[in-house]
Amino acid sequence: MAKTKSVFVCQNCGTDSPKWVGKCNACGQWNTFVEELVHKSPSKSGIVHDFFDTSASKPIYINEVPVSDLPRINTSNIELDRVLGGGMVPGSMILVGGEPGIGKSTLVLQMALRIGTQKVLYVSGEESPQQIKLRADRIHKGNENCLVVSETSLEKIMGHIKSVKPDLLVIDSIQTLSSESIESLPGSVSQIRECTGAILRVAKETNLPVVLIGHINKEGNLAGPKVLEHMVDVVLQFEGDRNHMYRILRSIKNRFGSTAEIGIFEMLGDGLREVANPSELLLSYHHDNLSGVAISAAIEGMRPFLIETQALVSTAAYGTPQRSATGFDLRRLNMLLAVLEKRAGFKLAVKDVFLNIAGGIKVNDPSIDLAVVSAILSSNIDIPLTQKICMAGEVGLSGEIRPVTRIEQRIGEAAKLGFEQIIIPKFTKGPHLAKYDIQITQVSKLEEAFKLLFA
Ligand code: TYD
Ligand code: MG
């Protein structure tokens with residue numbers, strides 16, 4: 001019998017140590033070491049073993065590597081395909097992470113049921129087949145070739161893969177799996193590493209695409225070791241505000257495509273709906289004469305959309321004014337307030353400022369700065385902006401409006417949605433600004449924009 005011993009393994013990066021240490025030397029995290037039992041016999045040690053096995057591979061010159069377009073499996077989900085870079089690559093391993101209850105199982109089951117004639121094996125370690133069936137009835141999309149099994153043992157799952165021979169494997173979730181050859185608990189670094197490694201080998205050998213669902217920890221990172229993210233080909237993060245219906249699928253890593261794309265979904269009573277035109281969701285058209293609202297032409301991923309920024313400025317009740325931002329970086333808000341104070345002379349130091357990006361989504365595009373300051377000012381002086389105007393521009397420290405990327409796409413989107421005027425930075429390059437059916441006004445300084453908006 002193989003001897004067992006115990007080691008302490010960092011739950012963040014997978015480094016092991018013979019005794020407990022408070023801080024991991026490799027990744028610098030504190031209190032991440034957990035005792036795990038391991039078999040001493042090195043033959044069971046999974047992936048490390050493969051690195052020394054060179055019998056099958058032979059180095060070839062890079063110019064002689066045969067090139068073929070990667071075949072892609074269409075997932076019948078436009079948004080998911082977009083994020084994957086045009087569909088799933090056979091033999092690839094895709095990790096989908098996200099907070100509990102955000103809709104990971106729904107997204108993946110919906111894909112499994114829609115993918116057409118492909119045979120899908122859906123392994124759930126969290127739900128019984130009855131529960132999965134209930135969910136499937138809810139999203140009522142049928143795929144007769146979808147098999148479900150409730151199982152957490154890696155060895156039994158391997159057996160199922162062998163007998164079912166699926167075209168697509170789904171594991172919900174990787175943290176629930178355990179292998180008999182490892183003695184530590186499911187969800188520990190050694191278990192995750194072993195199970196992922198074993199599935200990865202099957203995926204690469206048989207060209208089987210695999211979708212893994214992963215939990216995230218309290219810091220918002222994918223739970224388990226970083227090695228998990230290194231092992232898989234694609235890491236997708238499903239995010240959104242649980243109190244809102246919109247969900248965003250972002251790609252954090254993609255070996256077969258760009259990570260700039262995002263997919264947008266809406267959670268409905270009967271599953272996730274793909275949102276082809278995000279602007280329609282993020283704009284509400286019925287708040288004429290409300291102050292503190294400004295519309296921005298933003299770009300997230302590769303797509304332009306119009307988004308509402310809302311601000312509320314009120315007299316500070318306590319000594320220290322409050323600043324709060326939802327969907328926007330708080331430090332950036334503080335910077336914009338300082339710019340407003342210095343360059344436009346508004347006394348905001350004694351005011352509470354609350355900022356909200358409508359729809360519960362988080363925008364990283366700096367071009368919404370101009371809308372943010374306009375909304376704040378509009379609320380401060382209680383003068384509404386006309387709802388037929390939108391804007392795009394980054395605000396610099398000296399109050400200058402800086403150029404933003406892909407301005408033509410933004411203008412096009414604003415024109416398409418029926419806006420009458422768009423305010424853009426002055427020094428924007430782009431020879432064809434005249435061809436749009438919308439009035440384009442270029443400004444170089446905050447003051448100019450304010451004169452236009454509040455004159
Ligand atoms: P779920 O996919 O179970 O989340 P996860 O696997 O990420 O933990 O989905 C959770 C939520 O989605 C649940 O609270 C109910 C909601 N939901 C809907 O609103 N509509 C639906 O059709 C389904 C299936 C779920
Ligand atoms: Mg789930």
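E274 is buried, at 19% relative accessible area (buried means under 20%, exposed over 50%, partly exposed in between; 1.4 Å probe, protein chains only). The model is predicted: local features need pLDDT of at least 70, side-chain atom pairs count only at pLDDT 80 or more, and totals for chains, interfaces and linings use all residues. Residues are numbered from 1 along each chain as its sequence is written, chains are lettered from A and ligands numbered from 1 in the order in which they are written, and side-chain values use heavy atoms, with hydrogens and water left out.

**Salt bridges overall**
- The whole structure holds 15 salt bridges (a side-chain nitrogen of Lys or Arg within 4 Å of a carboxyl oxygen of Asp or Glu).
- One network of salt bridges links E79, R82 and R303.

**E274 and R114**
- E274 pairs with R114 in a salt bridge, 2.8 Å from N to O.
- The partners sit 160 residues apart: E274 in strand β12 (residues 271-274), R114 in helix α3 (residues 104-114). Helices (H or I, at least four residues) and strands (E, at least two) are DSSP runs, numbered from the N terminus.
- R114 is partly exposed, at 24%.

**R250 and E300**
- The closest N and O atoms of this salt bridge are 3.2 Å apart.
- R250 lies in strand β10 (residues 246-254) and E300 in strand β13 (residues 293-300), 50 residues apart.
- R250 is buried at 17% relative accessibility. E300 is buried at 5%.

**R332 and E394**
- Their side chains form a salt bridge at 3.8 Å, N to O.
- R332 is in helix α9 (residues 330-344) and E394 in strand β18 (residues 394-395), so the pair ties together parts 62 residues apart in sequence.
- R332 is partly exposed, at 22%.
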